[in-house]
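Dear colleague,

Here is the structure I promised to pass on to you.

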Amino acid sequence: MKYEIKAIAMLMTLSGVSAFAPNTFSSRVSTNLFADADVVTGPKGKAARTKEEDLALTLAIIMGHDARSVTVTEEQFVAQKTEEAAIVDLDPIDVSIPYDANAMIAYEASDKSVSFDEFKPTYLAETVAYIKSKQPVDVSIPYDANAKLAYEASDKSMTFKAFLPKYLEDTVAYIKSKQPVDISIPYDAN
């Protein structure tokens, strides 16, 4: 019984290995996948016996594939190379933009009553003025703006530097005078 279990396990193991080695237990006839491809094998269709023979057979297979995989005729190949040479011989195209391109376009659109050399400085000055007009306007308020307004409304009998501390002192006193009087009684008072 022990030997029967071992024999069954051995057969199961060998059948699982058939993907990696020729299956000698199979009764199926194997088909040659390369039958149409002029594949060269060893003597009488068997595998090569030496390293050199294997390399020679592999080289024959690769060269046979190369001969079958040509997709253009020699005439087509020559025509393709001639077309490529013609493309290379074309004159280069200048795609640079002149520095004065905008001024030139504006001059062409104008009535051309003056020469381009006279038109260009005027165009540039107008363009700069237009760009400056589109710049954001500073709407920030200086920290001491209220003091400056009060100083401008005063009789200016002193300098602004001397006016500023007095103005701030008077403003703080005015704000304190407007605060409500605290008449609450603390709870811990006796």
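Predicted model: local features only at pLDDT ≥ 70, side-chain atom pairs only at ≥ 80, totals over all residues.

Of the 190 residues in the protein, buried residues make up 7%, and among contacts between residues at least 6 apart in sequence, 2% join residues at least 24 apart.

The accessible surface of the protein comes to about 17,900 Å², and carbon and sulfur atoms account for 62% of that area. On this surface Leu 59, Ile 62 and Met 63 form a nonpolar patch, with about 310 Å² of accessible area together, and Leu 59 itself lies in helix α2, which covers residues 51-68.

As for the charged side chains, the count comes to five salt bridges. One of them joins Lys 120 to Asp 100, with the closest N and O atoms 3.0 Å apart; this pair links distant parts of the chain, since Lys 120 belongs to helix α5 (residues 116-133) whereas Asp 100 sits in the loop between α3 (74-88) and α4 (101-109), 20 residues away. Asp 100 is buried, at 19% relative accessible area, while Lys 120 counts as partly exposed at 25%.

Another salt bridge brings together Lys 112 and Glu 108 (3.0 Å, N to O), where Lys 112 is partly exposed at 40% relative accessibility and Glu 108 is exposed at 52%. Lys 156 and Glu 152 also meet in a salt bridge (3.0 Å, N to O), with Lys 156 partly exposed at 41% and Glu 152 exposed at 52%.

Methods: Residues numbered from 1 in each chain as written. Heavy atoms only, no water. Buried < 20%, exposed > 50% of the residue type's maximum accessible area, 1.4 Å probe, protein only. Contact = heavy atoms within 4.5 Å. Areas by Shrake-Rupley, 256 points an atom, 1.4 Å probe, with all protein chains shown as cover. Patch = residues over 30% accessible without salt bridge, like charges linked within 9 Å, V, L, I, M, F, W, Y side chains within 5 Å. Salt bridge = Lys/Arg side-chain N within 4 Å of Asp/Glu carboxyl O. Helix = DSSP H or I, 4+ residues; strand = E, 2+ residues; numbered from the N terminus.
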